[in-house]
Structures are given as structure tokens and as C-alpha cells.
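User: I'm new to this one. Could you walk me through a few of its features?

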Amino acid sequence: RPSVLLSLCVSHAPSLTVSVPLQTPMKKARTLIGDSGATFSNAFTVTPLCCPSRSSILSGKYPHNHQVRNNSLSGNCSSPAWQREQETQAFPVYLHKLNYQTFYAGKYLNQYGKPQAGGVSHVPPGWDQWHALVGNSQYYNYSLSVNGKEEQHGDHYATDYLTDLIVNRSVEFLDHRRKNQPIYTVLLSVSPHPSAQDKHWLLRQPHSPMANSSIDFLDNAFRRRLSVSVCDTVCVSVWPSVCMCVCYILCVWVGQFSLPIDKRQLYEFDIRVPLMVRGPGIKPNQTLQGPVLNIDLGPTFLDIAGVDVSRTTMDGQSFLPLMAPSLRNGTSRPYFLVEYTGEGHTDQDPACPLLGPGLSQCFPDCVCEDAFNNTYACVRTLSSVNLQYCEFADTESFVEVYNLTSDPHQLENILKKVDPSLLQSMNQRLIRLQSCTGAACRDTKH
């Protein structure tokens with residue numbers, strides 16, 4: 001069984017990773033992984049926000065099945081219910097049972113380590129070595145759970161800078177591993193956090209052009225992201241010790257549609273993600289078109305390890321047939337589900353007195369990134385028609401439809417121009433996907 005490294009980088013701006021002209025911060029990762037293996041041009045997350053998306057990676061499930069709605073404990077992020085019902089079925093548990101040596105370092109789930117979530121003593125099943133960040137993204141002045149014991153860090157570069165610490169401890173793990181057993185290593189590093197006609201109301205509320213204060217805020221965020229090359233550091237330091245290396249990046253928008261910065265929307269800049277893989281049987285310098293989802297990572301790792309994914313509760317499917325057809329037969333899905341549950345506050349934001357309750361993430365200039373009724377589900381097709389069809393759970397019963405072939409930036413909602421029979425077909429697919437579980441999520445014959 002081959003050893004596997006998964007390098008996850010979160011909250012990069014999509015233009016730092018997807019757009020070729022600004023690919024410089026990922027140059028080493030592209031050279032060491034993409035040019036030596038497969039780059040997936042149509043990789044997506046099934047939900048854009050941090051904790052629900054990573055929960056989908058771990059569980060191999062759509063959000064309606066793992067029930068993580070947002071980054072809060074009340075939204076099921078690293079909650080006791082998640083730990084009881086989903087962590088015990090996550091793909092590392094299967095790998096550990098197959099005698100894989102497992103190592104995790106970096107950010108886990110946003111609420112991990114909080115007292116209400118079991119504190120730092122809680123170590124998810126399936127991990128031999130556990131070095132997890134307590135709470136959300138920090139480079140300095142943070143705490144780690146090291147195999148269930150709290151380890152506090154300050155602001156000294158040599159001993160505390162989180163990115164280097166993650167890499168150094170992973171190298172130490174690799175140096176001392178048992179040579180006769182395969183390994184599975186996850187390194188999750190963090191990046192700095194800080195016109196919409198015919199779109200859902202949340203996209204219609206920002207002023208365009210943006211206020212100068214918002215532009216200054218975004219300029220600073222963009223400069224900080226340009227300085228980050230965490231995946232490069234990981235790739236150079238760790239990949240030579242493993243057979244298969246996977247680099248997967250979660251993106252965050254920076255200024256699109258005059259919204260400041262976050263990742264809670266249905267558009268390409270929030271759901272499309274870079275994915276590169278190198279390893280045995282994978283021909284170098286491939287660019288693959290077949291769609292791959294974040295819920296497919298776990299099933300693919302299990303497939304590589306020899307586990308029959310159909311015997312698990314996962315919704316995703318292995319993409320090993322796409323990148324190494326000589327090793328496995330299979331077909332790619334023609335369409336898939338994207339879903340998100342909007343997050344809001346019951347009280348009015350005192351900093352934004354002109355806005356009512358039900359909103360959240362209102363910054364800067366009181367432009368809000370989310371709301372309770374920013375709850376949507378979409379069908380995304382990539383076969384005969386490059387189309388996205390989305391329904392909102394709001395009082396408007398709002399629907400957005402985009403032809404990504406003619407309108408890659410999703411500027412025009414073509415709902416009123418599309419053949420009603422196509423809309424009906426997309427609606428039926430959406431209804432079926434929203435209630436699917438396991439193998440039914442992989443059945444796309446309808």
C-alpha cells in the first residue's frame with residue numbers, strides 16, 4: 001500500500017492559485033506536484049465555508065448528511081454530535097485499521113479544542129500522532145493539542161511560527177516512522193484571515209464601486225496572501241518521503257461583486273479549488289477535465305488502500321480512475337450538488353444600526369457577507385452543458401442560472417431565457433441530490 005501526504009492550504013485568494021499569471025506563490029507546488037503528476041482543472045468543494053467543507057473532506061459526505069452548517073458549535077462544527085456520529089466514520093479510521101501510521105498537524109475544525117467540544121484532550125479516532133491547532137487560524141500566540149495535551153506557543157519565530165512547526169514535526173514523524181508500514185499524513189496550514197443585477201439580495205446590497213475603506217482593507221489582505229507560500233514549503237520539505245502527494249487548496253474571495261472577503265457564496269470563485277496529485281501510476285504533466293469534489297478525497301485514499309468505498313457511508317467516489325486509468329476503471333460524474341446553510345444573528349449588529357437582525361459577517365462599511373436566508377442548493381453540470389442552477393430557501397424563492405461556457409464570470413442570471421423543460425430537469429436533479437445518501441449520491445443516470 002502506498003504512503004500518502006495530503007497538504008491542505010486554506011483561505012488563499014483564488015487568483016493566487018487558479019489564475020496562471022499570478023501563479024508565482026505556488027510555483028514550487030506546481031513544479032513538484034502538478035508538472036510531475038495530474039492537475040485537475042475542474043475540482044470543486046461541495047460547500048464553500050471552512051468547517052462544513054473540511055467536515056465534507058473528513059467524512060466524504062455532502063453537508064446535508066454530516067449536518068455541519070457553519071463555523072459555530074451550534075452549527076455542529078466539531079460539536080459532541082459531530083464527534084459521536086461522524087468522526088468515528090471518517091476515512092482516517094479506516095486507514096488506521098489497515099495498519100497505516102497516521103499523522104495530523106495544523107488547523108482541524110474551527111471549534112476544535114473548545115471546552116464545549118471536549119477540550120484539547122479530545123483526539124479524533126484514527127490518528128497515531130495529533131498536533132492540532134486549538135480554534136481558528138493563528139501563526140503565533142496559539143495553543144496546540146499534542147496527542148491530547150495542551151501545548152502553548154508565543155511569538156518567537158524559531159519555535160512558534162505555525163507553518164514551520166507543522167513542517168518540522170511532519171519531517172520528524174517521517175524520520176522516525178516504522179519503515180515496514182505505510183503512512184498517511186495530513187498537513188493543514190493557514191493563510192492570513194482578516195454589479196450584481198438579478199442576483200440574490202445579499203449580492204445586491206454592496207455599493208459599487210467599493211468604498212475606499214473597503215479597497216484599503218482588500219489591498220492589505222491581498223498583499224498578505226501574496227507573501228504566503230505554505231504549500232510550497234510543505235511540498236519541498238515533505239513530499240520526497242511519501243509515495244503520493246496531494247495538494248488541495250480552499251479559496252476565499254477578495255472583492256468580487258463588491259463584497260469584501262469571505263467564502264460563503266455559490267459562485268465559481270468560492271467553490272472552484274486547485275487540486276494537484278502526483279504518485280505511482282499517474283502520468284506526469286496531465287491536466288484532467290473530469291470533475292472532482294472534496295468529498296472524493298477520502299474515498300480516493302481508501303480506494304488506494306484497497307478499501308471498497310461502497311461498503312462505507314460516504315457520498316463521494318474515487319477519482320483514481322481519472323488520474324490513473326491503468327490502475328482502475330471508472331467514469332466521472334456529469335453533475336453534482338453544491339449546498340450551504342446561511343448564518344445570521346438574531347440580534348441587530350450595534351455597529352450597523354441601519355441593518356436589521358438575521359445578518360452576519362458585516363464588515364467593513366456594514367456590507368454583510370451572510371444571512372439566515374443565504375441558504376441555497378445548486379446543481380452544477382460539466383458534461384454536455386456547462387451550467388449552474390441554484391435555488392434559495394427564502395421568501396422570494398429566488399433562482400439563479402448561469403451558462404459558464406458563455407459567461408464564465410457569472411455576470412448574467414439567465415433564468416428567464418432558459419427553456420422551461422431544462423429548468424424542470426435541473427430542479428428534479430436538485431431535489432434528488434438534496435436527499436441522497438451514500439451510493440445514491442453517486443448515481444447520476446437521471
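Analyst: Helices (H or I, at least four residues) and strands (E, at least two) are DSSP runs, numbered from the N terminus. This is a predicted model, where local features need pLDDT of at least 70, side-chain atom pairs count only at pLDDT 80 or more, and totals for chains, interfaces and linings use all residues. Residues are numbered from 1 along each chain as its sequence is written, and side-chain values use heavy atoms, leaving out hydrogens and water.

User: How many residues of H2 are buried?

Analyst: Buried means under 20% relative accessible area, exposed over 50%, and partly exposed in between (1.4 Å probe, protein chains only). Cys50, for one, is buried at a relative accessible area of 7%. H2 is mostly covered, and its buried count is 10 of 10.

User: What is the disulfide partner of Cys51?

Analyst: A disulfide is a pair of cysteine sulfur atoms within 2.5 Å. Cys50 has its closest cysteine sulfur in Cys51, but at 8.1 Å that's too far for a bond. The sulfur 2.1 Å from that of Cys51 belongs to its disulfide partner, Cys77.

User: Which residue in S18 is the bridge partner of Tyr335?

Analyst: Two strands pair if DSSP finds at least two bridges between them. S15 and S18 pair in the antiparallel sense over six bridges. In S18, the partner of Tyr335 is Thr381.
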